[in-house]
Amino acid sequence: MLKEAGTLDNPLAIEEILRMILQFADQESLVAAARVCQFWSRIALDERWKSLPSIFPLLELVAPRYWILDPTRYHQNLLSSLAKADWVRFREYSSRIKFVGVGQKMKTDLPPDSAGLVQMFHGPSPLLPNIQTVSWRYNHSQNYMSILPFIGPRLENLSLEMDEGIDNVAQSLLMQSLTNRVPTLKSLRLTSFGSAHHISHPFAALISSSPNLTQLLLPPYFLTKEVVAATAQLPLLKTLGWSDWWTSTRNYHDSGMCFEFTPESFPQLSILRFGSLPNRMVEILQSTDHLGRLSAVALDCPAYNSPQDIENVFATLGSCAQQLERALMVCSPVPQLTGSSSKDSLSVDTIRPLFSCTRLKRFSFYAPHLVPPKDEDVVEMGKNWPEMGHLLLCPAPLVHRDSGVNFSILSSFAKSFPKLRELRLFFRQEVPEFDGDLYPAYRFAKLETFGFGLSHIPKGKTRDIGFLLASLCQHPPLILSGRGAGYRGDSISPGENAALLAACSDITSDMNLAFRIKSSFARQSDRASPVVGSG
């Protein structure tokens, strides 16, 4: 119900309307709005201080930043400033904050001594009484306690990002400190280069003390037996996934893969991501009664013995998780297992069991190499996946880079996948000459992104590719190249990277030229069309 402070003659005097408008204003506009009048000032400042990318603008209300960052050197100055601070004004502003980020843009930790002194002078009440989301990045191990004064009674979302130098002891102590402090937490995200088996016990205790969690995002190899046992008891958990896949090859450890699900585990789970070896992966998936409820799954297989191992995983998903809408499979070996893992080529037969998941809208598959699918394979995929919108089929193979699909197969994808918005493939070096037909029978109606991964594009062939894409698309798609998130091979050389970027740029330019030609043809056709009813 609208408050009576305003009328329809002056809608900007109505608080609800003014709040709706100011939530779309930028920071400069909010500062200007705060100077209009006392009524506008209160609402504009609420919006201005609701989300802070750093904690320091708040702390600078009571002391200069350089004193806060070096409390040992400026100890007396900091004490004097805090003693004289206007804590009523501090509370007025701190109560507005609902989101705060620390250490994200500038790699500067808040010293725990400074945080403790601020809390001491502030009093026993929470520094941020209405905080809902905290995103905290740690750059130094000794500062792990700094976050504690900023944990409020209404905190729902917590993201902890550990830099590479944060040791396991500091991470363990942080988990112990947070245990039983965040009972209202709904989302917990941890990014870490640490070892799961070293911090498993305190981290499991933290999870157990947060019974309202609906989302838990962890490094890929952090699902130890203790962590899984604690997680499985969460009655409301809907998402169990990865926080940052990029760290997976660095914190790989067997202890984060040798876990078990019980049949009653995760009654509400709809999104599941984890890493394990294929045989264990099948056992884990088959052990829960709730696999059929999953809408999204992402699996990281760091090694496999034969293509049959991967096919068995897809067969399990195809038979037990037919409600899937999104699926990701990474089966490239991590560096620690490169010597013991197979790099045999996989084929469409490997993923064929997943054809029974007819609701799939997104499928990403990364492997050492995928045998190029044929036209009939594409037609079969399209028939079984009519809702497919995003399809990535090994655009960056580790081996056999002389073997890829032909660009001519794109017409089969256009015919078979009418709802496709993103397509990424690996192409062979031979590029057919464009046949000149800018209006073929089948075209992508919705394609927005096209990627050719690590495909080598011969010089002089970008125009053929650009014109082919223009002929197959309704609108110019974004052209991408490069390794992609699922690549675990050697780093590409600067020369290779430069060649990929150049090819990407040239294809985009040639494609845009072709679209301008099509547009010109369309205008000429419109002018040539007779006007209905003219004499």
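**Salt bridges and a helix pair**

Biologist: What relative accessible area does Arg 96 have?

Modeller: Arg 96 counts as buried (under 20% relative accessible area, with exposed meaning over 50% and partly exposed in between, for a 1.4 Å probe and protein chains only), because its relative accessible area is 11%. This is a predicted model, in which local features need pLDDT of at least 70 and side-chain atom pairs count only at pLDDT 80 or more, whereas totals for chains, interfaces and linings use all residues. Residues are numbered from 1 along each chain as its sequence is written, and side-chain values use heavy atoms, leaving out hydrogens and water. The value for Arg 96 is therefore 11%.

Biologist: With which residue does Arg 96 form a salt bridge?

Modeller: A salt bridge here requires a side-chain nitrogen of Lys or Arg within 4 Å of a carboxyl oxygen of Asp or Glu, and a search of the whole structure finds 17 of them. In the one that involves Arg 96, the closest N and O atoms are 3.8 Å apart. The partner is partly exposed, with a relative accessible area of 41%, and it is Glu 92.

Biologist: How many residues apart in sequence are the parts that Asp 163 and Arg 137 tie together?

Modeller: The side chains of Asp 163 and Arg 137 form a salt bridge with an N to O distance of 3.6 Å. Asp 163 sits in the loop between strand S4 (157-162) and helix H9 (168-178), while Arg 137 belongs to strand S3 (residues 133-138); helices (H or I, at least four residues) and strands (E, at least two) are DSSP runs numbered from the N terminus. Both residues, Asp 163 and Arg 137, are buried. The separation of the parts they join is 26 residues.

Biologist: Which strand holds Arg 362, the salt-bridge partner of Glu 422?

Modeller: Glu 422 and Arg 362 pair through their side chains at 3.9 Å, N to O. Glu 422 lies in strand S13 (residues 422-424), so the pair links parts that are 60 residues apart in sequence. Glu 422 is buried at 9% relative accessible area, whereas Arg 362 is partly exposed at 33%. The strand of Arg 362 (residues 362-366) is S11.

Biologist: At what angle do the axes of helices H12 and H13 cross?

Modeller: Axes are lines fitted to C-alpha atoms, for helices over the stretch in contact, with angles from 0 to 180 degrees between N-to-C directions. The axes of H12 (residues 278-287) and H13 (residues 307-320) come within 9 Å, and the crossing angle is roughly 10°.
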